[in-house]
Amino acid sequence: MRWYGTPGSWQRYLSYFFVGPLLVLNLWVVEQFYLYFEYLINILVIAAILAFLLNQVVKRLCQRGLSRPNAIAIVLAITLLVVSILLLLLLPLALQQAEELLTQLPELANTGNQNLRHLDNVLQRYNFPVGVDDLTAEFVEQMKGLAAILPGVAITTLGKFVDTLLVLILAVYMLFYGGQIWRGLITLLPQEWRTVVDRSLQVNIRVFFSAQLFLGLFMFLALIPFMIVLQVNFGFLFALIIGVAQLIPVVGATLGIGLVVLLILFQDAWLALNILVIAVVLQQVKDNLLSPKLVGNLIGLNPLWQFIALLIGARVAGFLGILLAIPLAATVKTTVLHLRAGEQAAS
């Protein structure tokens, strides 16, 4: 046997050599395109995802005998009711607590600084100094700087409100005309890709976003009673942070719980420990009981590949890339496996 392999193997290795740089170049082009049209792409993609999820409910109502216009009208009425409740009742409460938290952060940081100094003194008795003075001083300065941006919060909130209305209006139009646009986009793909990409992408987006929204809502609603019973300051805001963090796959739960526990730690160490235990228990219920029933093996991605997909998505398109990374990566995997199966069947 020759040490350099068969000609076919060299051709395969040579193709791998060129595929890597081309893939990186294409990702760079996608990143530049996204950065140039960032606002427009964010609005369109979020509206498309919302319209797609609402369309799943419309389809179920149509299966029960309703006409599509009537089904759309019912779904839009319910959606408008839910959005109105969020904007008029829950959002003002969350913004009020967020503003109060930012105002009190320097004071909370000073309290946390005192607690850490006490911990440092205790550890020094056992010849295990930590030296938290410099770290806490820097943290206090950062918190003061964060509180200084409060005057701009109202303007940002107003802009987000306008963006939300724009997303809702676009979602309505997409419910009526989005199917035609999607079929036109699918025809741009090679013939052998169209069916598998269409079916796989729709399934992955539906399963992923439906599951993440439901799991985030579960964590939010489950934490609210404990926040009330334990009389946690800014409890509604903290529960909302943990719930919204669930939208970020793989690492979102850890980041949300860690941030909330750190903020509560500045108020009361024992209270922070209680919230940590409760949040972790609820997280285990979510991961081991609810998530397998909602998602199962439909995504079919190894956790390591999910993490890599998140890093690539964050690098290319920021937070929007993080949200879309898992369903897009799962679609790519399904498409590649389908094409390989077709090649093996042909040979």
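Gln231 lies in the loop between H6 and H7. Helices here are DSSP runs of H or I with at least four residues, numbered from the N terminus. The model is predicted, so local features need pLDDT of at least 70 and side-chain atom pairs pLDDT 80 or more, while totals for chains, interfaces and linings use all residues. Residues are numbered from 1 along each chain as its sequence is written, and side-chain values use heavy atoms, without hydrogens and water.

Start with that loop. Gln231 has a phi near 55°, a positive value in a residue other than glycine. Gln231 is exposed, with a relative accessible area of 65%. Phe234 is found in the loop between H6 and H7 too. Its phi is also positive, about 60°, although Phe234 is not a glycine. Is Phe234 buried or exposed? Phe234 is buried, with a relative accessible area of 8%. Buried means under 20% relative accessible area, exposed means over 50%, and partly exposed is in between, with a 1.4 Å probe and protein chains only.

Now look at the helices on either side of the loop. Two packed helices are described by the angle between their axes and the distance between the axes. Axes are lines fitted to C-alpha atoms, for helices over the stretch in contact, and angles run from 0 to 180 degrees between N-to-C directions. H6 and H7 pack at about 155°, with axes 8 Å apart. That makes H6 roughly antiparallel to H7, a label for angles over 145 degrees. In H6, Gly216, Met219, Phe220, Leu223, Ile224 and Met227 take part in the contact. They meet Gly235, Phe236, Phe238, Ala239, Leu240, Ile242 and Gly243 in H7. Contact means heavy atoms within 4.5 Å. The residues of this contact divide into 10 nonpolar, 3 polar and no charged. Ala, Val, Leu, Ile, Met, Phe, Trp, Tyr, Cys and Pro count as nonpolar, Asp, Glu, Lys and Arg as charged, and the others, Gly among them, as polar.

Move on along the chain. The axes of H7 (residues 235-245) and H8 (residues 252-265) come within 7 Å and cross at roughly 165°. That makes H7 roughly antiparallel to H8. H7 brings Phe238, Ile241, Ile242 and Ala245 to the contact. Residues from H8 include Gly252, Gly256, Leu259 and Ile264. This contact holds 10 nonpolar residues, 2 polar and no charged.

H6 has another partner. H6 and H9 pack at an angle of about 150°, with their axes 10 Å apart. H6 and H9 are therefore roughly antiparallel to each other. Among the contact residues are Val207, Phe214 and Leu223 of H6 and Leu282, Lys286 and Leu294 of H9. Here the residues divide into 17 nonpolar, 2 polar and 1 charged. Val207 is buried, with a relative accessible area of 6%. Val207 and Leu294 are 87 residues apart in sequence, yet 7.4 Å apart in space, C-alpha to C-alpha.

Which residues touch the most other members of the largest nonpolar core? Of its 26 residues, they are Leu101, Leu223, Val232, Phe238, Ile242, Ile264 and Leu282. Such a core is a set of buried Ala, Val, Leu, Ile, Met, Phe, Trp, Tyr and Cys residues joined through side-chain atoms within 4.5 Å. H3 (68-125), H6 (191-229), H7, H8 and H9 (269-294) each supply at least two residues of this core. A second, separate core has 22 residues, including Ala309, Val316, Ala317 and Ile326.

Definitions and conventions
Parallel < 35°, antiparallel > 145°, perpendicular 65-115°, else oblique.
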